[in-house]
Amino acid sequence: MEDLIEKAKAAIDNAYAPYSKFKVAAVVKTKSGKVYTGVNVENASYGLTMCAERVAVFKAVSEGDRDIEAVVVYTDTEEATPPCGACRQVIAEFNPEALIVMASRKKVVTAKLSELLPHAFTGRSLRS
Ligand code: THU
């Protein structure tokens, strides 16, 4: 997992966060072994901001790589940053049991997505 955290650290300078100044980097690892990085991309129209995790997930899915195993969220902060609710929902679409690794410069906290988003709404809910 340390290598994925290093990849996220290396990507964080690409975060575009001129408004919040809160830079986030994410790395998605899929079953194929491939990794996809993402950073937050803000907008002057604040609500259009996209989180790092969703950028990384969308990069993987748009490459046809949907089997998400793990998502790393890295921030250069004291405390680890948990993924926001919207990102939890987007990750759940592809793997409700994904491993979520929240890393800061001091801490690494891991959890299953199902712990962070219990009773997730998924495609199964639509078919029941
Ligand atoms: N942000 C992320 O990139 N991921 C999260 O899970 C939490 C929030 C970004 C969005 C915005 O650019 C900044 O952090 C402050 O909310």
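Around the ligand stand Ser20, Phe22, Val24, Asn40, Glu42, Thr49, Cys51, Ala52, Glu53, Pro82, Pro83 and Cys84, where a residue is listed if one of its heavy atoms lies within 4 Å. This is a predicted model, in which local features need pLDDT of at least 70 and side-chain atom pairs count only at pLDDT 80 or more, while totals for chains, interfaces and linings use all residues. Residues are numbered from 1 along each chain as its sequence is written, and side-chain values use heavy atoms, with hydrogens and water left out.

**Ligand**
- An oxygen atom of the ligand lies 2.9 Å from a polar side-chain atom of asparagine 40.
- For glutamate 42, an N or O atom in the side chain is 2.5 Å from an oxygen atom of the ligand, and for glutamate 53 a polar side-chain atom is 2.6 Å from a ligand oxygen atom.
- The protein buries 79% of the 380 Å² that the ligand exposes when taken alone (Shrake-Rupley method, 1.4 Å probe).

**Threonine 75**
- Threonine 75 belongs to the loop between strand 3 (68-74) and helix 3 (85-94); helices (H or I, at least four residues) and strands (E, at least two) are DSSP runs, numbered from the N terminus.
- Threonine 75 counts as buried because its relative accessibility is 0%, the limit being under 20% relative accessible area with a 1.4 Å probe and protein chains only.
- Leaving aside neighbours within four places in sequence, threonine 75 has contacts (heavy atoms within 4.5 Å) that include Phe22, Val24 and Thr81.

Conventions: Buried < 20%, exposed > 50% of the residue type's maximum accessible area, 1.4 Å probe, protein only. Polar contact = N/O pair within 3.5 Å; in protein donor to acceptor, adjacent residues only side chain to side chain.
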